[in-house]
Amino acid sequence: MSFHKEWVISNTGILMVLSTEAITIFQNYIQDDEKKLEAGGILLGKRRRNHFEILHVTEPTEFDQRFRYHWNRSEKSHSEIAKKIWTDSRAEITYLGEWHTHPEAYPTPSSIDLEEWSLLTQKSTQKSGLSMIIVGIKDLWCGIAQENVVTQMNKVS
Ligand SMILES: [Zn+2]
């Protein structure tokens, strides 16, 4: 089984495309066993007008706090990785959003997720929003968060 790569907001046509590398990393952290803890990181890639091209994703670091139903990413370690990739790519590859896992087959954002995304988008200078991905056991949940609005994406068939 492989997660779907191309996602769209139907009424605006905003696209998000995931690299094979991103999908592979997501699959390594699927919580399909009760011992597996939540994982997550940041999404890095290119913005093409309003579209999102996710090229790299960071993986959990030893500094993150990981639990079965929650996780806290260490701001420092992930932003250091992001800064290095940004510099190495001559500023072409930037921060696009966040990902984390849920121990449910078809994930949906929790109220905590929505609160955290709202805070992140308020801090962000990007008017076109941030990409948010939840990795479930059988499927992804993909969406774009802007200030207080979160719009779910659909699979491009
Ligand atoms: Zn969550």
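Reply: Helices, of at least four residues, and strands, of at least two, are DSSP runs numbered from the N terminus. The model discussed here is a predicted one.

Me: How many helices and strands does the protein have?
Reply: The order of elements along the sequence is β-β-α-β-β-β-β-α-β-α-β-β-β-β. Counted by type, the secondary structure comes to 3 helices and 11 strands.

Me: Why does the radius of gyration agree with that of a compact globule?
Reply: The C-alpha trace spans about 40 × 35 × 30 Å along its principal axes. A compact globule of 157 residues would have a radius of gyration near 15 Å, and the value for the protein agrees because it is 14 Å.

Me: What share of the residues is buried?
Reply: A residue is buried if 20 or more other C-beta atoms lie within 10 Å of its own. Of the 157 residues in the protein, the buried share is 31%.

Me: Which strands are the edge strands of the open sheet?
Reply: The open sheet has 9 strands with mixed pairing, in the order β10-β9-β8-β7-β3-β4-β2-β1-β11. An edge strand pairs on one side only, and this holds for β10 (149-152) and β11 (154-155).

Me: Which residue in β11 stands opposite V8?
Reply: Strand β1 covers residues 6-9 and is joined to β11 by 2 bridges, the two strands running antiparallel. In β11, the residue opposite V8 is N154.

Me: What angle does the direction of helix α1 make with that of β4?
Reply: Helix α1 (residues 20-28) packs on the sheet. It touches β2 (14-18), β4 (51-57), β7 (94-101) and β8 (130-135). With the direction of β4, the direction of helix α1 makes about 60 degrees.

Me: At what angle to β3 does helix α2 run?
Reply: Helix α2 comprises residues 75-88 and lies across β3 (40-48), β4 and β7. Relative to β3, helix α2 runs at about 25 degrees.

Me: Where does R90 lie?
Reply: R90 is not a glycine, yet it has a positive phi of about 55 degrees. With 7 C-beta neighbours inside 10 Å, R90 counts as exposed. Its place is the loop between α2 and β7.

Methods. Residues are numbered from 1 along each chain as its sequence is written. This is a predicted model: local features need pLDDT of at least 70, side-chain atom pairs count only at pLDDT 80 or more; totals for chains, interfaces and linings use all residues. The radius of gyration is taken over C-alpha atoms; the globule rule is 2.2 Å times the number of residues to the power 0.38. A residue is buried if 20 or more other C-beta atoms lie within 10 Å of its own, exposed if 12 or fewer, and partly exposed in between; C-beta atoms are placed from the backbone. Two strands pair if DSSP finds at least two bridges between them. Two residues are in contact if their C-beta atoms, placed from the backbone, lie within 7 Å. Axes are lines fitted to C-alpha atoms, for helices over the stretch in contact, and angles run from 0 to 180 degrees between N-to-C directions.
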